[in-house]
Amino acid sequence: TKFAEITGWGKCLPPAVMTNDDLATFLETSDEWIVSRTGISERRVSHVGTSELATVAARNALAAADLDPNELDLIIVGTCTADELIPNVASKVQQNIGSKHAAAFDLNAACSSFLYAMHVATQGIKTGAHKKVLLIGAERLTRILDWTKRESAVLFGDGAGAMVLEASDEEVGLLASHISCDADARDVLSLDFGSSFDRFNFDGIMQFDFVGQEIFKRAVKGMSAAVDKVFQETGMTTDDIDALIPHQANKRLIDFLGKMCKVPSEKTVINIQNYGNTSSATLPIAFAEAADNGIIKPGDSIMSAVFGGGLTCGAGLIKW
Ligand code: ACO
């Protein structure tokens, strides 16, 4: 069996910063409310499309892996804010980076998309179907947000992260993963563009509809169950974990998850204060940042746990 080694990683964070105080100039909210309830202090706002953010993150990851884009055989983009419905973001990235021999598709499991994509790509490499895969999580959520709704406008930000996976004989990469979907909870988080396609306008505003506390409960339950399954499969315990990289949706939720999984806070990677919730991009951005800052090191065992609309959940053990 081959393993799927992470040979490159990269990110793209648009330079424009919107602080909580900026939001409070046009919404009935405050820095104090946002920080205490979510842990978010500021977020990035992009003036370019999701595929452009994805392309920059991809170029950085390819450069880190020192890989010619023509060697890629698969590109997967996790996103729920594609620039167009057809063609997908992955094909735009493929065109931008000049990659000629890859299959390319988008994957939407909301905020869980990147781990879902990693799970799929790793299976593809293990079976021998693929050898060099580019994975991206990219979102431009600020374009579709309703800026008059304080419940949702304060939570999200834009950004992208990427990884290159390559077939390897060494026992590294995503060694175990468990993904799930609690479809009975489909209604607790939705982003609806209307009941008919006539009302659909990609340049328009979409309504986030969510029951925050219900998501909170179900997300903690789903993620801790997935983490337990991964521990069972690998025979590892909390003591073997060097870092926890959770989806960045709420700092309180991250703290709660850390306690449930018994991972000390100093081993938990948190950057939500700077970027808010960038949906599918939170995991690869956090990985890239932690790698660049030396918070995670080659040889480390990293647990990741994610959740998103669906309600999708997942956990994965990455041996770096
Ligand atoms: N500023 C000031 N007040 C606000 C704001 C705001 N931006 N937003 C809501 N409020 C008010 C509400 O109107 C409410 O007022 P009321 O008590 O007078 O009715 C009060 O604050 C409390 O609102 P709640 O929604 O109960 O606040 P809660 O503590 O649950 O925090 C949050 C909301 C942050 C969304 C939390 O439930 C959460 O993080 N949930 C899990 C993650 C989540 O749902 N993320 C969004 C979906 S995307 C994803 O994560 C996959």
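These points cover the domains, their contact, the nonpolar core and one annotated span of a predicted model.

1. Two domains are assigned to the protein: domain 1 covers residues 3-171 and domain 2 covers residues 175-319. Taken over C-alpha atoms, the centres of domain 1 and domain 2 are 14 Å apart.

2. Domain 1 puts 41 residues into the contact, and domain 2 puts in 42 residues. On the side of domain 1 that touches domain 2, at least two residues come from each of strand 1 (3-12), strand 3 (42-44), helix 5 (113-126), strand 6 (132-140) and strand 7 (158-168). By residue type, this side of domain 1 has 19 nonpolar, 14 polar and eight charged residues.

3. The largest nonpolar core holds 97 residues, and the members that touch the most others are Ala57, Leu135 and Ile136. Helix 3 (residues 50-65) gives this core its largest share, eight residues. Both domains take part, as at least three core residues come from each of domain 1 (3-171) and domain 2 (175-319).

4. Leucine 135 deserves a separate entry. With neighbours within four places in sequence left aside, leucine 135 is in contact with Ile76, Phe114, Ala117, Met118, Ala121, Ala162, Met163 and Leu165.

5. An unreviewed UniProt entry places the feature "domain: Beta-ketoacyl-[acyl-carrier-protein] synthase III C-terminal" at residues 232-320.

Note on methods: Residues numbered from 1 in each chain as written. Predicted model: local features only at pLDDT ≥ 70, side-chain atom pairs only at ≥ 80, totals over all residues. Core = buried A, V, L, I, M, F, W, Y, C linked by C-beta atoms within 7 Å. Buried ≥ 20, exposed ≤ 12 C-beta atoms within 10 Å, placed from the backbone. Helix = DSSP H or I, 4+ residues; strand = E, 2+ residues; numbered from the N terminus. Domains from an automatic or database assignment. Contact = placed C-beta atoms within 7 Å. UniProt positions renumbered as here; feature names shortened; annotations may be inferred. Nonpolar A, V, L, I, M, F, W, Y, C, P; charged D, E, K, R; others polar.
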